[in-house]
Amino acid sequence: MGKRIITYGTFDLFHIGHVRLLKRLAGLGGHLTVCVSTDEFNAIKGKKTVIPFEQRAEILGACRYVDNVLPENDWAQKRDDIMREKIDIFAMGDDWSGKFNDLSDLCEVFYLPRTEDISSTSMKAFMEALRDDQLLEIKHLIETLNAKASAL
Ligand code: C2G
């Protein structure tokens, strides 16, 4: 019976950084629970997501490294979750390093290195940029067509 692990996050635009974290966490023990931030909680975190909670939770449930998916509704639920789920290890990416050490009376607390050069935020920015490029291309096309039309 391996150790029981728990982690928390938004997991918007599921990407390789998320996969690598979950794979490493699954390697630490025998059972991985992921608590996914609800849309309401993300509003509290000041995070705007692209993918709604139900789909983010379903995507995580389909991940081979994940055994259980729970909603994360607020900052304060971690202690109750750890006790109820009989968690041995709480782990997060190291952008949270030190932030949850108060949980160390309940379980081991680990922070794992983030995957560089990928984030939901950068993916959103890339998509926004693409949209601007496309708009610019359409604008030039319209100007060309207008120029041709007025030359007729
Ligand atoms: N992560 C990572 N590498 C990345 C991006 C994210 O390892 N390139 C990790 C983060 O460190 C985090 C997890 O993936 O452990 C989920 O990241 P987010 O969805 O950004 O989670 P966040 O919004 O930070 O929410 O109560 C804790 C919060 O809910 C964490």
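Predicted model: local features only at pLDDT ≥ 70, side-chain atom pairs only at ≥ 80, totals over all residues.
Helix H3 spans residues 53-61, and its buried residues are Phe 53, Arg 56, Ala 57 and Leu 60. Viewed along the axis of H3, these buried residues fall within an arc of 100°, so they line one face of the helix. Glu 54 and Glu 58 are exposed and lie on the face of H3 turned away from the buried side.

The loop between helix H2 (39-45) and H3 contains Pro 52. Pro 52 counts as partly exposed because its relative accessibility is 31%, and buried residues are those under 20% while exposed ones are over 50%.

Val 50 belongs to a nonpolar patch on the surface, which is formed together with Phe 126, Met 127 and Leu 130. The accessible area of these residues together is about 360 Å².

A patch of positive charge is also found on the surface, where Arg 20, Lys 23, Arg 24 and Arg 64 gather. Of these residues, Arg 24 is located in helix H1, which covers residues 16-28. Arg 24 has a relative accessible area of 32% and is therefore partly exposed.

Definitions and conventions
Residues numbered from 1 in each chain as written. Heavy atoms only, no water. Patch = residues over 30% accessible without salt bridge, like charges linked within 9 Å, V, L, I, M, F, W, Y side chains within 5 Å. Areas by Shrake-Rupley, 256 points an atom, 1.4 Å probe, with all protein chains shown as cover. Salt bridge = Lys/Arg side-chain N within 4 Å of Asp/Glu carboxyl O. Lys, Arg positive; Asp, Glu negative; His and termini not counted. Charge placed at Lys NZ, Arg CZ, Asp CG, Glu CD. Helix = DSSP H or I, 4+ residues; strand = E, 2+ residues; numbered from the N terminus. Buried < 20%, exposed > 50% of the residue type's maximum accessible area, 1.4 Å probe, protein only. Arc of directions from axis to C-beta.
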